[in-house]
Amino acid sequence: TDHSDRARVPKTLGGTGLQPEQRGVALRRPAAQRHAVTTWSETMKLRPAQEAMLRSRARASFEAQAIAHVRQHLTARVADLSDAQLLERLRASEKRAANYRLDSPRQVICFFDVTLLLGEYFDENPAYRWAKQTLASNALSPSDRASLLLATACSVASQPLRVPHER
């Protein structure tokens with residue numbers, strides 16, 4: 001028998017218009033496509049201008065939250081500083097924190113807080129040698145270093161300053 005002129009199953013009756021032996025081949029996608037997962041980044045492409053706008057908004061939000069944080073939690077320490085001065089200090093702190101591999105928003109805010117508690121260049125001050133050692137530690141993760149730094153700075157800052165006696 002000649003199979004070339006077999007009747008196709010009509011599409012109107014729920015068929016594919018193909019013979020059964022043809023259906024499996026026609027409907028089967030390659031394995032890589034069957035199991036592929038499409039991620040958001042593959043389906044959503046941002047133009048450079050859109051990406052820049054989103055980064056700018058995220059940056060402004062981070063800066064506003066950081067300033068609100070220190071206004072609430074370090075009120076006495078920042079009372080005499082304007083928002084512009086705090087913003088300048090935050091940006092400088094972020095650059096310096098990056099030298100110690102502190103780059104998440106939380107880590108940067110911890111570093112920023114310490115600059116307000118102990119002084120902008122606390123990590124260069126010989127009186128706070130422990131701070132430099134904490135920041136340089138490879139035994140702790142960046143998050144742990146930031147947390148330990150802030151906890152210790154809070155403890156040190158709450159104690160009265162001890163001035164060595166001259167002999």
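Q: Let's start with contacts in the protein between residues at least 6 apart in sequence: what share joins residues at least 24 apart?
A: That share is 52%. Bear in mind that we're looking at a predicted model here.

Q: Okay, and what is the secondary structure made of?
A: Helices: the protein has 9 of them and 0 strands. Read from the N terminus, the order is simply α-α-α-α-α-α-α-α-α. As for burial, 25% of the 167 residues count as buried.

Q: How should I read the confidence, and which elements have the lowest and highest mean pLDDT?
A: The general idea first: where pLDDT is low, the predicted coordinates should not be read in detail. In this case the average over the protein is 82, and 69% of the residues score at least 70. Helix 1 (residues 20–27) has the lowest mean of the elements, at 51, while helix 6 (residues 83–98) has the highest, at 97.

Q: Where does pLDDT stay under 50?
A: Over residues 161–167, and for that stretch the model has 0 contacts beyond four places in sequence.

Q: Now helix packing. How do helix 4 and helix 6 pack?
A: In general, two packed helices are described by the angle between their axes and the distance between the axes. Here, helix 4 (residues 48–73) meets helix 6 at about 110°, and the axes are 10 Å apart. Angles of 65 to 115 degrees count as roughly perpendicular, so that's the label for helix 4 and helix 6. Their crossing is right-handed.

Q: Which residues of helix 4 and helix 6 meet?
A: From helix 4, you'll find Arg 59, Phe 62, Glu 63, Ala 66, Ile 67, Val 70 and Arg 71; from helix 6, Asp 83, Leu 86, Leu 87, Leu 90, Arg 91 and Glu 94. Sorted by class, this contact between helix 4 and helix 6 has 7 nonpolar, no polar and 6 charged residues.

Q: What about helix 8 and helix 9: at what angle do their axes cross?
A: At roughly 165°, with the axes of helix 8 (residues 129–136) and helix 9 (residues 142–158) coming within 9 Å. Helix 8 is therefore roughly antiparallel to helix 9. The crossing of these two is right-handed. Trp 130, Ala 131, Thr 134 and Leu 135 on the helix 8 side meet residues of helix 9 including Arg 145, Leu 148 and Leu 149. The class tally for helix 8 with helix 9 is 7 nonpolar, 2 polar and 1 charged residues.

Conventions:
Residues numbered from 1 in each chain as written. Predicted model: local features only at pLDDT ≥ 70, side-chain atom pairs only at ≥ 80, totals over all residues. Heavy atoms only, no water. pLDDT = per-residue confidence, 0-100. Helix = DSSP H or I, 4+ residues; strand = E, 2+ residues; numbered from the N terminus. Contact = heavy atoms within 4.5 Å. Axes fitted to C-alpha atoms, helices over the stretch in contact; angles between N-to-C directions. Parallel < 35°, antiparallel > 145°, perpendicular 65-115°, else oblique. Left-handed = near helix turned anticlockwise from the far one by under 90°. Nonpolar A, V, L, I, M, F, W, Y, C, P; charged D, E, K, R; others polar. Buried < 20%, exposed > 50% of the residue type's maximum accessible area, 1.4 Å probe, protein only.
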